[in-house]
Structures are given as C-alpha cells and as structure tokens.
Amino acid sequence: MMAQPAPAARTGWSRKHLLGLEELSADEITTILDQAAEFNRLASKGEKKLGLMSGSVVANLFFEPSTRTRTSFSLAAKRLSADTIDFTAAGSSVSKGESFIDTARNIEAMGVSHVVVRHSSAGAPHLLSRHLKAGVLNAGDGTHEHPTQGLLDIFTIREHRGTLSGLTVALVGDILHSRVARSNIWGLKKLGARVIVCGPSTLIPPDITKLGVEVSYDFDEILGQVDIVNLLRIQFERQRSAFFPSIREYAHFYGMNGERLKLAKKDVLILAPGPINRGVELTPDVADGNNSVILDQVTNGLVIRMACLYLLEQHRRTGG
Amino acid sequence: MSTLLLRGGRVIDPSQDLDRTANVLLADGKIAAIDPPGSTTADQEIDASGRIVCPGWIDLHVAHREPGNDDDETTASATHAAVAGGFTSIACFPDTAPVVDNRASAEFIKLQAARAGHCNVFPLGAVTKNHAGQELAEIGQLVDGGAVAFTGAKNPVANCEIMRRALEYARMFDRPIFNHPQVPELVAGGVMHEGHWSMVLGLRGMPAAAEEIMVSRDIALAEMTGGRVHLMCLSTKNAVDLVRRHRQRTDQKGRVTCDVTAHHLALTDESLRSFDSNVKVDPPLRSQDHLDALIAGLKDGTIDAICSDHQPHSDEKKALELDQTPFGIVGLETLLPLCIRTLIEPGHLTWPQLIRCLTLSPANILGIEKGTLNAGADADVTIIDPDVRWTIDPARFRSRSRNTPFAGWEVRGRASHVIVGGKVRFTA
C-alpha cells in the first residue's frame, strides 16, 4: 500500500534550485541529510513508494554519459510518485544542432516541474536556471560541482560515524578535474571535518588551500591520520595533456591496495564515487573488502536524491 | 564655406597641452581656429557649455565582422555604434571571412565605411595569408590599400620566426604589428583567468604567465628588429612591468606600445561566478591585483591607450554553454561611462590623461593624422556630457549585437555630439 504523504511540515528549505554545495549553509546541508535519513527509516519499514510528488514531472536531462546518477535520480523520482522523462543527448535533437537551452525549453514545455541536468560544461545548470521556470538540480556540471554525490558521500560517512565534526577525510586523486572533490570540500568543511587533498602535484590546483584544505603529495604519509579515504576517479576523458607519466606510476603512488591499507587506521572507511578504474584507484580486494562502503554510497544516493527532489518540490508547492 | 562653431566648452586637447574654456571653429571639414575673434559667426553653432570638447576618439581595434558574419555586425552597424559611443575613427580587425590579407579586401572595407557614412575606418591587415601563420601576407600591397597596421587579430602571432620577419618587413613601411600577446599552448581550452575562481568554478584557466611570456618575446623581437610592436589588451601585472622596464631600459621609446580595454578595468574574474557568457573575454578578466596594476600602468603612462576591443556576437552564439560560447563583448557604446567610473571618479586619471588615451596616443600608434584640434587638422571632434546619468540598455545599442555584461548598470557620462570631418554624425 502506498504511504500517505508526510504532513507538509516546515522543511527549513527556501531554494528553488540545487546547483552546488558552495552556496548551501551547514543547516541546509543538514536538512537534506536528515530528510534522507527519514526516507531511509521509512524504507526500512517497508514504505518505499511515497506519494509526495504525485502529479509532478521530473525531467532527467543527461548531456553526458552516466549510469549510476541517471538511474538513481530516475528511481528517486519514481519512489516519490513523480512522472519522469529521461533524456540523453545521444540520438536527440542536440545532435541535429539544436542548442542546449532550446532542447531544455522544449522538454520543459511538457509541464516539467523539475529538471535534473548533467552536462560536460561547468555552469550549464546555472544557465538553465536562468532560462527555465522549473527548478534545476545539478547532477554534475563539468569539473565544477556534483552536489548530490557530495551529499551522499557525507551522508554515508555520517551514517557510519554519527557526525562529521572532528573527522579527517582524505580526497585522493585527480582533484583538478573533479566536481566530486569540489562538492565534497564545500560540504565537509561546512560540517566541521578536516580535509586533506592528496594526489600528484599536477592534479592539485595551486590555490586550493584557500578553501581551508591541506595538501599532501604523499599518500602513505597521511594514511595513518585519516578516518575516511575517498578515492576519486582519474578523469581520463577530461585531461587535455599528460598530467602524470603513466597509469602504472599513478597506481604505484596513489592506488589503494591491500598493502597500503595496512598503513591506515583499522576502521578507516573507503569511499569511491565510481565508476572506478579497478586496479588504478583501488584494487578489487580493497573495493570488496571490509573497509569499503562503496555499495552503501550507491544505496544512499537514492535517498539523498529523494530528499533533494522532495525539498525542492515542497518549496515549489508552498509557492516559493 | 560651411562653418560650425562649438561655443563655450572645456576644450581638452593633449596634442597641444590645452585645457581651458574656449570656442572652436570648424570650417570646410577642418579645424579653423580655437578662440576665433569674438565677432565670428558660423552657419551653425553648438552650445558646449558644461561639456568637454576634445579631438574625436580613435578605437585601436574593433571587430566589424563584414564580410562573413553580418549576423553579428556590419561595417554600417559597427560605425554607427562607434559614433554613438563617441568615436570618430576605428581601426578594424582583419579576421573577417575572407581575411583582409590583400589590397582588394582592405579597399572593400574603406568603401563600405564610406557608404555607411558614420565615421572613419582604418583597416588592419593580416600578418599572414589567410591568418594561417605560415607565410607573410602582402603587407606592402595592403598598405597601398589603406591598411595602417598588421595583426593576427585574436590569434596570437605564435611563431617567433614569422613575428621577427613581420616586424622587419613592416618596419620598411613604418607600420606596427598588433599582437594578441598570449602563448596558445598555455591557454588551450581555457575559459577564464587561472586562479582562485577558476579552481572554485571548475573552469579551465588561462594563466597570466601565458601573456607575460609573449610580451617578453615581443619586446625582445622589437628590440632586435627595430620594428614596432603594439600589444593589445594587456591584462596582467607582470606584462605591464615588462613594458615599463623596456621603456626605462632602452632609448627605443615608441617601439613597444600597448592598450587596455575598459572592461578589464571594470570587472574581475569573480564575475565568472555567474557563468554568464558575457563575462567570457580574451584575454580573460583578471583578479584585483592585476586590475590595480593596469590602473597604475595608465597612471604612469606605461599603458598608452584605452580601447573597446569591440567583439560582437549574436545572441545565438552567446546563449551556449560557457566553454562553447565565443570570447568577447561589445564595447563601443559603453567605453566612456566605464572609464569615468573606473578612472575619473576614483581620481586615477585626469580628463586630459583619459582623453590622451583615446585620441593622441591611438593616432600615434596607428600613424594617422588624427587625434588633434590643431588648426588645419580634420574636423573630428567629440563633445562629452560628463555628468548625464543613464542606464545601459542593450536594446538601444546601434551595434547589431547585445553581448554586454553591463546591461542595467547606472552610469554617468556620454558623448553628446560626434563630429566627423566637420559634419555632426551623432547627437545624443
């Protein structure tokens, strides 16, 4: 039986769009995390399908390949009883020369209330938010932000550790080209975690310490002091020139394997936003080992996206 | 004999160190006299009291897009925008389709300008055939066709050997090479200034070093060849320093000149937070420390001229994702109020200093007999109303394109009358 909508409680949410974690306050982030926890609680009671967005239409516009995020958003909308439109750029009018904005406007004209957008250009969701009446959710824009990934990473850590405050989190790998890194940094710092970014010097932007993070080029040296390791994917498709000599050399210094794991705290949590290059960022024994929470991340992605959609929908329905 | 008397304005002419209230008499398309005898009458009079009367402004580089991209701009619309902004002469980029790399194309631009009848147009010729960077264009023939300087427009003359030969060859005609000083490899795929904000926004950076390296190279080649280099749109602190040190070090003053745009003085790279394509310009908007250095360079005269770097693009081209939209904004119709806001109001430059950057200096760089109110000179005059307040509204632009980040800005000052060859071509 479908659960009845929760009372339209005051959500403390006053945003039409979710474009990034940079602009969110710690309270707003906590609101999303708490809402996701509530959806988790309902799901564990068997209330998986909720009527909270019945009658609304969510369009998933993916102008860049994605499996996990696209299916996660699609299922999240369905769990909230929204109708969904899934659009991917391949085979669409975009390949016939229609502009990005025109495509989005045409889809919006089908009565869409929220647009979830993934795009290879940083700022594409911001551009849409200025041209559409619908609420816009950023599902990853270029190398800028990926707010729901940042939120689900933080949610997963909070689930295991209760709080973010006082924890040390290492973001390892290609920081320069990583939207996941940027969203993680904003969210983690706002919630009181200590953040170390670690990777080859060519993949760490020089100004990043201004965001309040520490920089290390030596993974082995920092491993003993971190509570969480988040292994970012090497963005082969975003690199325009050689940033490191070889994959083998990268894996030698920054790949997580069984040997290296011994240098870490016993209860260290291993996260990876995926899709992982097995054998590069981490070896299968670690990916599938006891410290890994990679599959939790995928599960949590669903409730985080439900929470984001729900909060934006509440804002819309209360005339925000 | 047709005469026009500009009565009672504050006449500022840096070419003769003039700054006082005076009457200016124009006759038959020439400057006849400053303060003619009190009994002088004219066919027509303009009351210039409370206004500034100065030589007509000259823009060193404007993209007018004709032929090839007349959905963005035409010679007629660019020159109309020019007079509306206060300019009586513009030099036009050769990056049209086809490229202005031969005499006939230069002559075509002059012909179109004459047909439009708004202001003077001086073609800039290509440095290399078809902008391909391989062989020198027919520079001598282009000079015969009216080209006053040579440039790769927004493509840097990247090859050192080509730049060397271009400088050596153009020297024969006493013509400068205008370079966009930027090492292409360091800015490939870049969208904005590389620094704090590019890191936060995840946008590919264009490091300041790309400009510094090219400026350094161009200074070395100018010194070696004795040619004239003009560095367009300086945007970085170290580049200004390099030009300043060059001037102090050698006796080759005038071999290296440079300009800055008004928008690089008005906005920093933080504006990219909007992801608005109208803040995507090349060179990119820089951080405040660079901006301060540009102002210092204007104050001590290291930077010679201020230009619009007018780059019109249709809405369709600018309404794309930021990394796919072309660089550049329109600037002819917003230059003066931006200069007042960034230079005059804070007290960085005096009016005579600002007017020098818009008149005498660009005339000298282009080697044209303009930019002066000396008796006998062409009667190109701009009258400024320095106090009028207005709101920038792109819908009212004479340019065909509307790509400006300054829409809605409340500003002060505009050209009230623009006189070209003795004829009033624009009245606000």
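1. Basis of the note. This is a predicted model, in which local features need pLDDT of at least 70, side-chain atom pairs count only at pLDDT 80 or more, and totals for chains, interfaces and linings use all residues. Residues are numbered from 1 along each chain as its sequence is written, chains are lettered from A and ligands numbered from 1 in the order in which they are written, and side-chain values use heavy atoms, with hydrogens and water left out.

2. Helix 7 of chain B. Helices (H or I, at least four residues) and strands (E, at least two) are DSSP runs, numbered from the N terminus. Helix 7 of chain B covers residues 208–225, which is 18 residues. From first C-alpha to last, helix 7 reaches 26 Å, close to the 26 Å expected at 1.5 Å a residue; the expected span is 1.5 Å times one less than the number of residues. Buried means under 20% relative accessible area, exposed over 50%, and partly exposed in between (1.4 Å probe, protein chains only). The buried residues of helix 7 of chain B include B:Glu211, B:Glu212, B:Arg217 and B:Asp218, along with B:Met214, B:Val215, B:Ile219 and B:Leu221.

3. Helix 4 against helix 7 in chain B. Two packed helices are described by the angle between their axes and the distance between the axes. Axes here are lines fitted to C-alpha atoms, for helices over the stretch in contact, and angles run from 0 to 180 degrees between N-to-C directions. Helix 4 (residues 160–171) of chain B packs on helix 7 of chain B at about 40 degrees, with the axes 10 Å apart. The two helices are therefore oblique to each other; angles under 35 degrees count as roughly parallel, over 145 as roughly antiparallel, 65 to 115 as roughly perpendicular and the rest as oblique. Helix 4 of chain B passes helix 7 of chain B in a right-handed crossing. A crossing is left-handed if the near helix is turned anticlockwise from the far one by less than a right angle, and right-handed if clockwise. Contact means heavy atoms within 4.5 Å. On the side of helix 4 of chain B, the contact residues are B:Cys160, B:Met163, B:Arg164, B:Leu167, B:Glu168 and B:Arg171. Helix 7 of chain B contributes B:Arg217, B:Asp218, B:Leu221, B:Ala222, B:Met224 and B:Thr225. By class, this contact of helix 4 with helix 7 of chain B has 6 nonpolar, 1 polar and 5 charged residues. Ala, Val, Leu, Ile, Met, Phe, Trp, Tyr, Cys and Pro count as nonpolar, Asp, Glu, Lys and Arg as charged, and the others, Gly among them, as polar.

4. Helices 12 and 13 of chain B. Helix 12 (residues 335–344) and helix 13 (residues 351–358) of chain B pack at about 140 degrees, with their axes 11 Å apart. They are therefore oblique to each other, and their crossing is right-handed. B:Leu335, B:Leu336, B:Cys339, B:Ile340, B:Leu343 and B:Ile344 of helix 12 meet B:Trp351, B:Leu354 and B:Leu358 of helix 13. The contact of helix 12 with helix 13 of chain B has 9 nonpolar, no polar and no charged residues. Of the 10 residues of helix 12 of chain B, 9 are buried, so helix 12 is largely enclosed by the rest of the structure. Among the buried residues of helix 12 are B:Pro337, B:Leu338 and B:Thr342.

5. Backbone points in chain B. A cis peptide bond joins B:Ala97 and B:Pro98, with omega about 5 degrees. B:Pro98 lies in the loop between strand 7 (87–92) and helix 2 (103–116) of chain B. The bond from B:Asp282 to B:Pro283 is also cis, with omega near 0 degrees, and B:Pro283 is in the loop between helix 9 (263–266) and helix 10 (288–299) of chain B. B:Phe275, in the loop between helix 9 and helix 10 of chain B, is not a glycine but has a positive phi of about 55 degrees. B:Phe275 counts as buried at 3% relative accessibility.

6. Chain A. Helix 3 (residues 100–108) and helix 4 (residues 124–131) of chain A pack at about 55 degrees, with their axes 10 Å apart. Their crossing is right-handed. A:Thr168 is in strand 5 (residues 168–172) of chain A and is buried, with a relative accessible area of 7%.
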